[in-house]
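I opened a new notebook page for this chain. I wanted the overall build first, then a few residues.

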Amino acid sequence: MATIKDVAKLAGVALSTASYAMNGDSKVSAKTREKVLEAARQLNYQKNGFAMDLKRSRTNTIALILRDLSGPYYSELIRSIQDVALSNSYDLIACSSMGGKDSTAVKFLMEKRVDGAIVLAHNITDEILHAAGSSRFPIVVMDRLITGEGLINVVVDGEQGGYSATRHLIEKGHKEIAFVSGPANSYDNALRYQGFLRAMREAGLEEKTKWKLSGGFIREGGYKATKMMLVQGELPTAIFYANDEMAVGGMKALEEGGVSVPEELSVIGFDDIQLAEYIQPPMTTIRQPMYESGSLAGHLLFQRLNGDAVNSFYKLKIELIERRSVKAQS
């Protein structure tokens, strides 16, 4: 069965343009619309019948689209949004964005299989969000800044978080600080790195290329990045991991390498997942208001579904949580 993606490919237009054309949107010229409709006829493409039904009635369901459904950060987020959905007598569907344009998540957005969505998945492109969002189909986006009809931004002050983490290490006397990053295309990672650089420059410290490694925001990535540092032989006095998952993996690698935390090397993370408090030593980290941000996103979505006006941008503050993984340099 042909999909809207197949129609776009045959017509030689972007996915969003094909969607606009099929919905009769005035953004598309008559010539382009006819080209798209002709491609649809050739492919015998039909709009999803379920999606067409949704135009006449609500599904009482919202979608939460995440890059990955695993991990402690996402579990807290899912719980907060689920609580809001239940209080509004709605069901919540959580789905992964793995697969990009071919994922089920994109189908939920483009075919309007739910009443609205909350997106925390950097591989759902701006193009898709612009094509899917509308006054009748609101989308709360939690991992980037994006403007457009029906789009609402809820972000955490990641730049300040990165700055606060690095500044804390500097105030403890550390001058040789490594940064283990998340994915290169992650908006959250970019903000944390900007904060790291700002604190380093303010202190007159130079970032060293050999101590900037990527861990992809996953535990195994933090483990491997730290192993790479250990292999190089020259270690920093402190490592700032751009999330706690990578820091947990990094601390395991340090333990295996015979490096004591914090006596020989200090570690700071970002997120304040539940595990951060229970590992040894308990991890100093930047707390994101995970439950609060998910709850806010949910409430904003339901306000829009009820026809209420909301702002397009909201930013939540972070907090430094001091535990025992950072030690002052003598």
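**Whole chain**

I am working from a predicted model. I looked up the secondary structure and found twelve helices and twelve strands. I took the box along the principal axes; the C-alpha atoms fill roughly 70 × 40 × 35 Å. The chain has 330 residues, and 53% of them count as buried.

I then looked at contacts between residues at least 6 apart in sequence. Of these, 68% join residues at least 24 apart.

**Asn243**

I went to Asn243 next. It sits in the loop between strand S8 (238-241) and helix H11 (244-256). Is Asn243 buried or exposed? I have it as buried, because its relative accessibility is 5% and the cut-off for buried is under 20%.

What does the side chain of Asn243 meet? One of its polar atoms lies 3.1 Å from the backbone oxygen of Phe217. I set aside neighbours within four places in sequence and listed the contacts of Asn243: Arg192, Phe217, Phe270 and Asp271.

**Lys175**

Lys175 lies between helix H8 (158-171) and strand S6 (177-181). Lys175 is exposed, because its relative accessible area is 61% and the cut-off is over 50%.

I checked which residues Lys175 touches, not counting those up to four places away in sequence. They are Leu205 and Thr237. I also took the C-alpha separation of Lys175 and Ser164, which are eleven residues apart along the chain; it is 15 Å.

**Cores**

Which residues have the most contacts inside the largest nonpolar core? I noted Phe196, Phe240, Tyr241 and Val267, in a core of 43 residues. The elements giving two or more residues to this core are H8, S6, helix H9 (187-202), helix H10 (219-232), S8, H11 and strand S9 (266-271).

Leaving out residues up to four places away in sequence, Tyr241 touches, among others, Val180, Thr226, Leu254, Val267 and Phe270.

I logged a second, separate core of 38 residues. Val13, Met110, Leu129 and Val141 are among its members.

Methods
Residues numbered from 1 in each chain as written. Predicted model: local features only at pLDDT ≥ 70, side-chain atom pairs only at ≥ 80, totals over all residues. Heavy atoms only, no water. Helix = DSSP H or I, 4+ residues; strand = E, 2+ residues; numbered from the N terminus. Buried < 20%, exposed > 50% of the residue type's maximum accessible area, 1.4 Å probe, protein only. Contact = heavy atoms within 4.5 Å. Polar contact = N/O pair within 3.5 Å; in protein donor to acceptor, adjacent residues only side chain to side chain. Core = buried A, V, L, I, M, F, W, Y, C linked by side-chain atoms within 4.5 Å.
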